[in-house]
2 protein chains.
Amino acid sequence: MLKLSRYLPIVASLKGYDRGLLARDMIAALVVTIMLIPQSLAYALLAGVPPQVGLYASMLPLLAYALFGTSRTLSVGPVAIASLMTAVALKDVAEQGTSDYLTAAIVLALLSGILLMVMGALRLGVLANLLSHSVVSGFITASALIIALSQMKHILGVSAHGDTLLELVPSLLEALPQTGMLTLGMGVSVILFLLFARRQLSRLLVRLGASAHVAGLLAKAAPVLSVIATILVVYLLRLDLQGVAVVGEVPQGLPVPGLPAVSMALVEQLLMPALVISIIGYVESISVGKTLAARHRQRIDSDQELIGLGAANVASAVSGGFPVTGGFSRSVVNYDAGAATQLAGVMTAMGIALTAMYLTPWLFYLPRATLAATIIVAVLALIDISIFRDTWRLSTGDFIAVLVTVIGTLFFGVEAGVAAGVVTSLGLHLYHATKPHITEVGLIAGTEHFRNVERHSVHTHPEIFSLRIDESLFFANAGYLEDFILARLQSDRQIRHVILMCSAINEIDFSALEMLEALNVALAELGITFHLSEVKGPVLDAIKPSAFMQELTGEIFLSQFQAFKTVSRLVSATEDGLSGL
Amino acid sequence: MLKLSRYLPIVASLKGYDRGLLARDMIAALVVTIMLIPQSLAYALLAGVPPQVGLYASMLPLLAYALFGTSRTLSVGPVAIASLMTAVALKDVAEQGTSDYLTAAIVLALLSGILLMVMGALRLGVLANLLSHSVVSGFITASALIIALSQMKHILGVSAHGDTLLELVPSLLEALPQTGMLTLGMGVSVILFLLFARRQLSRLLVRLGASAHVAGLLAKAAPVLSVIATILVVYLLRLDLQGVAVVGEVPQGLPVPGLPAVSMALVEQLLMPALVISIIGYVESISVGKTLAARHRQRIDSDQELIGLGAANVASAVSGGFPVTGGFSRSVVNYDAGAATQLAGVMTAMGIALTAMYLTPWLFYLPRATLAATIIVAVLALIDISIFRDTWRLSTGDFIAVLVTVIGTLFFGVEAGVAAGVVTSLGLHLYHATKPHITEVGLIAGTEHFRNVERHSVHTHPEIFSLRIDESLFFANAGYLEDFILARLQSDRQIRHVILMCSAINEIDFSALEMLEALNVALAELGITFHLSEVKGPVLDAIKPSAFMQELTGEIFLSQFQAFKTVSRLVSATEDGLSGL
């Protein structure tokens with residue numbers, strides 16, 4: 001039983017499930033379904049696949065995640081950024097609207113799913129931590145801007161193309177004279193209504209007597225209200241015959257499970273994009289999952305999450321869908337609406353299934369501008385300009401990482417942007433790691449404490465050079481420590497003893513040990529004795545069998561105080577001896 | 001004056017230069033010249049360029065390095081690994097023996113030089129530290145093996161090709177039946193003589209009455225003795241007419257400075273190889289330079305070294321040469337022979353110039369087998385199998401890095417090998433960084449010290465969770481700390497206060513601050529107060545203006561002891577209050 005709940009986290013969630021929890025899950029499922037219908041259609045549009053594919057990607061994947069995922073309230077399905085990245089990845093593979101394009105989208109989901117599950121099996125969940133918050137924030141902000149711009153063509157009722165600022169802006173400007181006024185009017189109205197709904201509607205409802213909670217949930221229905229209203233307007237006024245682009249025929253019914261024939265060439269072409277989409281989707285998903293779980297002392301297992309999201313993507317591929325992940329805003333809504341367990345997700349899937357079976361004929365008259373407006377308003381909420389100010393204030397490295405990510409994403413595309421951001425932040429971290437904090441220390445009079453000679457009034461001895469490094473010693477910073485010591489010796493020829501205080505060294509690697517060995521030899525040739533103090537257990541174990549230990553000219557002291565005392569006495573004794581000659 | 005010596009380190013070296021130092025430099029120059037003549041010819045052979053190019057690369061580059069380099073005793077010129085990497089880089093660019101090939105070699109040197117100087121100007125010297133000792137050792141060992149194997153064709157007097165084990169071994173085995181017995185005899189004799197010279201000759205000379213120092217230096221003349229002896233044998237017995245391959249016509253005189261016409265296509269093709277050769281050459285050079293400088297309290301400026309080696313490579317290109325760097329064995333010989341300043345290098349260049357002007361006609365009869373033997377014996381000394389055992393004993397990460405580098409280099413080529421090694425060692429480091437050392441701490445009775453609860457008998461409070469992280473907090477490890485705290489809270493519902501001891505946090509980045517902010521909110525929702533203790537100055541400065549500081553539910557304490565005392569009292573007071581109800 002314990003084992004089962006490890007591989008199927010839902011088992012643990014359903015312990016003690018009762019009617020109260022069932023009611024909560026049902027309400028949450030209803031709210032999320034209403035939100036998901038327009039979103040799934042809209043993100044299908046963004047990814048370049050037929051609208052029903054958005055619905056297909058919102059059924060089985062939710063069931064798969066409910067079975068294998070660890071978050072009780074994460075809402076899995078199509079999301080904005082993964083949909084944009086899908087469109088970008090498939091751009092050079094096939095033309096939108098062809099069956100080859102859809103096949104490629106399915107293969108992309110399948111590969112993402114397999115990659116995520118492999119990473120989960122290898123327990124590589126921690127690697128998501130290598131995407132710094134600044135890179136992720138910058139990437140989301142820039143991608144949201146690209147997504148909003150890419151949807152402007154539907155609002156204007158023109159055709160435009162491109163997935164970077166440099167392509168989109170001129171393309172839109174060129175198409176501007178062809179703007180369809182009816183489409184524009186409808187699109188702008190929906191955008192304004194959705195913005196009003198988000199900012200004012202719930203407040204208005206509260207004033208009209210609704211409870212804050214109910215008002216908040218009702219405001220979430222705004223996108224589905226826009227869908228219903230614009231369908232009615234188009235249907236009644238037959239605006240589809242007057243140039244307003246509509247979704248058109250959407251096949252009724254559930255997807256038939258299966259997979260298309262897959263060529264190796266296609267797999268090779270899509271492997272890298274699938275990896276990038278998986279990682280970005282995973283990071284997005286786990287961050288919201290963690291935040292929500294923490295509020296109830298629930299735990300997200302980052303490796304099991306990889307399995308859960310992987311299963312969701314494989315399920316999406318099997319139902320003819322495209323890459324999915326845990327969406328930020330939908331998950332928050334699910335949580336706020338009271339979702340208690342993964343069953344909320346299962347019921348949401350059922351809601352979408354009912355939609356696919358009975359409501360698709362009504363979608364014929366749905367204007368594309370409505371969906372575009374839904375996307376635009378959704379992604380505008382993701383744009384966070386304050387990241388520039390916050391990182392600028394705190395750290396140059398983070399600011400540079402944000403800047404590189406944003407510029408890369410806007411001007412060179414999503415994949416280039418996120419890659420440049422990750423390389424920059426890791427590069428800056430490594431560059432930084434090559435310059436550890438090292439300080440010369442001296443004894444604070446009347447104590448046994450040793451502190452930085454530059455910040456405290458401390459006692460030192462002219463023939464003893466005591467120093468402390470505030471990091472573990474490894475290949476990237478070993479050379480810097482060596483340089484630091486040698487530079488000091490070059491400028492001060494009195495020194496006869498070097499004591500390295502190792503209190504902050506948790507680990508030592510081969511390069512560092514080789515450096516210490518060479519340093520010991522170099523010091524010996526200069527007639528300088530090399531001591532260590534406060535060496536931690538694991539480091540001592542590593543040093544013991546090494547050549548360094550055998551050749552060490554000095555001693556290893558338990559404390560820096562003892563080292564300083566012993567060596568001071570030694571030095572004085574030698575001087576007394578010399579002066580006695 | 002100060003400025004001048006910064007950009008021309010030789011100025012400082014020549015202060016107080018006298019006849020004593022001059023004599024030392026002259027002797028060293030003589031010894032190194034004798035060693036360099038066969039080496040420069042041999043490495044030209046290895047790089048696939050005509051023999052005189054080896055001499056050309058051993059004049060101007062030495063002068064350029066003497067002017068701009070900071071090591072007084074580094075011997076710059078053609079070296080084994082850079083020569084092999086040159087041959088590998090040019091393999092697909094042009095055919096050996098053509099003028100296009102030589103042009104490409106010159107362009108490679110020019111690009112290396114420019115790249116090194118640019119890195120120097122950007123002060124990127126510390127980046128060399130990112131090549132771990134295990135990667136460098138593994139790479140050198142594997143490359144040496146490849147070099148030795150690649151020279152076997154000259155010893156056997158056959159033709160073979162390839163630059164990986166998989167290509168070289170079958171190619172040699174196939175050619176084995178064509179072995180030229182005269183060539184083989186000569187090659188094997190030279191190898192045996194050189195091995196004898198290295199291991200026994202100096203000992204023998206000492207027994208014959210020479211001083212150890214002189215005997216050591218005389219033994220270095222063994223390669224040049226082999227050259228003279230085999231030239232004589234070939235010339236007298238006209239072995240060149242009996243199938244022994246000789247060097248043939250070597251143009252007499254000095255190179256005419258100049259540069260070939262360079263196409264952008266060629267530059268693009270050679271840019272990456274030039275970068276790899278530059279970095280490897282730099283790392284090799286700086287490590288020996290540092291070791292030697294330390295023995296005399298001299299300093300190597302790692303950024304100025306980039307300039308020095310860059311200038312040497314540009315100088316090599318201008319004289320029609322190929323990539324050069326500071327050689328390990330020659331530098332040690334230079335140092336041991338007493339070289340005191342960069343003038344030893346200048347005089348070595350003069351010695352090679354005299355060789356090029358007057359001695360080249362004698363090189364006609366020099367057997368290629370002799371040069372190959374020189375290379376083989378030189379590189380065998382670089383093979384270090386103990387690296388496997390040493391790293392295995394010390395750290396799995398280092399062992400894996402060595403293994404990946406060696407296998408990569410042997411089976412996939414030098415560039416792939418070093419790239420795989422660097423990626424592996426950096427990847428392992430980053431993976432490791434995502435799992436920092438975190439420990440729950442408690443108070444050691446009767447003291448103010450807090451230690452690991454698992455290793456010491458300490459005092460804790462059931463409602464207070466005190467913990468310490470032993471690293472700076474940044475994007476890669478922030479998530480792990482968050483997980484650690486949340487996991488503890490999930491398993492222990494009594495906890496009302498979390499105190500994070502920040503004594504080891506030297507820095508904090510944007511991601512970590514965002515995590516702390518989110519964690520504080522999550523803890524607040526659970527009714528848990530979050531405190532910090534022992535926050536260092538720079539970290540406090542970073543935290544102060546942040547949203548985290550404004551929202552922090554608890555306090556920031558100067559010491560962990562004070563934090564624990566204050567919070568314990570707080571908890572007791574609340575309990576007393578409750579029990580009083």
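## A residue pair between two strands

In this predicted model, B:His497 stands opposite B:Thr529 in E7(B). Strand E6 (residues 497–501) of chain B and strand E7 (residues 529–533) of chain B pair in the parallel sense, over five bridges. Strands here are DSSP runs of E with at least two residues, helices are runs of H or I with at least four, and both are numbered from the N terminus. Two strands pair if DSSP finds at least two bridges between them. Strands of a sheet pair through backbone hydrogen bonds, either parallel or antiparallel.

## The sheet in chain B

Six strands of chain B make an open sheet with mixed pairing, in the order E4-E3-E5-E6-E7-E8. Its edge strands, strand E4 (450–452) and strand E8 (556–557) of chain B, each pair on one side only.

## The fold of chain A

Chain A has 25 helices and eight strands. Its radius of gyration is 31 Å, well over the 25 Å that the globule rule gives for 581 residues, so chain A is more spread out than a compact globule. The radius is taken over C-alpha atoms, and the rule is 2.2 Å times the number of residues to the power 0.38. The C-alpha trace of chain A spans about 115 × 60 × 60 Å along its principal axes.

## Numbering and limits

Residues are numbered from 1 along each chain as its sequence is written, while chains are lettered from A and ligands numbered from 1 in the order in which they are written. Local features need pLDDT of at least 70 and side-chain atom pairs count only at pLDDT 80 or more, whereas totals for chains, interfaces and linings use all residues.
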